[in-house]
Amino acid sequence: MREQRVRGGAGADDADTAGSGDVRLRLPSPDNIPRHVAIIMDGNGRWARERGLPRVAGHRSGMRTVRRIAMAAARIGVKVLTLYAFSTENWKRPKSEVDYLMKLPQEFLAIELEELIANNVRVRVMGSRQGLPGHTLAAVDEAVRRTADNTGLILNFALNYGSRAELVEAARELARRVKAGELDERAIDEQTIASCLSTADLPDPDLLIRTSGELRISNFMLWQLAYSELWFTDVYWPEFTERHFYDAICEYQRRVRRYGGL
Ligand code: V07
């Protein structure tokens with residue numbers, strides 16, 4: 001592990017850097033960077049409540065963290081960053097909150113898309129398009145299209161995503177192919193199933209991060225997380241900084257991955 005002095009990559013809103021141009025950051029070793037990091041961005045509502053703010057203020061603040069962590073991931077050479085932005089269960093929230101959340105993709109992209117393009121980031125989404133408002137889909141589709149040829153970080157948003165729903169879709173697709181005579185049921189293996197998931201062309205996450213103290217997977221990438229390292233923090237997502245992100249990766253680098261072997 002190297003200790004390196006870096007110029008304040010954090011924003012002016014980061015209290016740690018207030019009043020100083022730079023901050024000591026323990027950077028992960030460059031040789032064992034996780035290829036794919038997935039994050040459950042939890043604690044936005046709680047962060048807001050504890051400050052006497054409306055929940056939506058927490059979501060807005062969490063959006064700024066997305067930018068910060070995406071840039072941090074790109075900087076150290078993570079290939080894929082998957083962020084759980086909206087789950088299939090989130091529709092149960094009050095309509096006003098759902099309506100607000102559905103405006104965040106376009107708001108985020110209105111602010112960040114040019115910067116993402118300048119940084120060679122490729123935007124992708126996984127999840128169901130069913131039920132998403134047209135304005136949300138239009139903004140996301142435009143970002144996906146305009147960044148499709150970028151070769152840097154893949155910034156993959158899980159939007160209206162549920163892992164069991166994804167597996168149900170995969171099962172239906174395989175059943176359809178068997179019925180059509182295109183596929184022998186005895187030929188179905190882990191590879192076949194993986195190829196029917198929205199992550200077919202991505203490596204499995206090496207590391208899952210969940211913020212805000214909850215110790216659950218919550219229907220997120222159940223298949224893909226089979227051998228991932230898990231890292232939990234009590235820090236709320238709006239307060240999650242590059243330093244927490246690099247700490248998680250440094251700990252990942254200290255762990256020995258066994259994939260079920262010895
Ligand atoms: C959302 C901000 C982050 C904290 C978690 C909940 C609130 C970014 C996006 C987004 C999604 C797709 C896309 C570009 C950006 C987003 C939702 C909520 C629904 F192509 N943040 N963010 N989408 N939050």
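In this predicted model, 46% of the 262 residues of the protein chain count as buried. The protein chain is built from seven helices and eight strands, and its radius of gyration is 19 Å, close to the 18 Å that the globule rule gives for 262 residues, so the chain is as compact as a globular protein of that length. Taken along the principal axes, the box filled by the C-alpha atoms comes to roughly 65 × 50 × 35 Å. Among the contacts in the protein chain with a separation of 6 or more, 76% are accounted for by residues 24 or more positions apart.

The axes of helix H3, which covers residues 95–118, and helix H4, which covers residues 134–146, come within 8 Å and cross at roughly 20°; because angles under 35 degrees count as roughly parallel, H3 and H4 are described as roughly parallel to each other. The crossing in which H3 passes H4 is left-handed. On the H3 side the contact is made by Met 102, Lys 103, Pro 105, Gln 106, Leu 109, Leu 113, Glu 114 and Ile 117, and on the H4 side by His 135, Thr 136, Ala 139, Val 140, Glu 142, Ala 143 and Arg 146. Sorted by class, this contact of H3 with H4 comprises eight nonpolar, three polar and four charged residues.

The backbone of one loop deserves a separate look. Ser 212 lies in the loop between strand E7 (207–210) and strand E8 (229–232), and its phi is near 75°, a positive value in a residue other than glycine. Since buried means under 20% relative accessible area, Ser 212, at 4% relative accessibility, counts as buried. Met 221 is also placed in the loop between E7 and E8; its phi is near 50°, again a positive value in a residue other than glycine. With a relative accessible area of 0%, Met 221 is buried.

A last residue leads back towards the start of the sequence. Leu 27 belongs to strand E2, which spans residues 22–27, and Leu 27 is buried, with a relative accessible area of 7%. How far apart in space are Leu 27 and Leu 262, C-alpha to C-alpha? The two residues are 29 Å apart in space by that criterion, while 235 residues apart in sequence.

Note on methods. Residues numbered from 1 in each chain as written. Predicted model: local features only at pLDDT ≥ 70, side-chain atom pairs only at ≥ 80, totals over all residues. Heavy atoms only, no water. Helix = DSSP H or I, 4+ residues; strand = E, 2+ residues; numbered from the N terminus. Buried < 20%, exposed > 50% of the residue type's maximum accessible area, 1.4 Å probe, protein only. Axes fitted to C-alpha atoms, helices over the stretch in contact; angles between N-to-C directions. Parallel < 35°, antiparallel > 145°, perpendicular 65-115°, else oblique. Left-handed = near helix turned anticlockwise from the far one by under 90°. Contact = heavy atoms within 4.5 Å. Nonpolar A, V, L, I, M, F, W, Y, C, P; charged D, E, K, R; others polar. Rg over C-alpha atoms; globule rule 2.2 N^0.38 Å.
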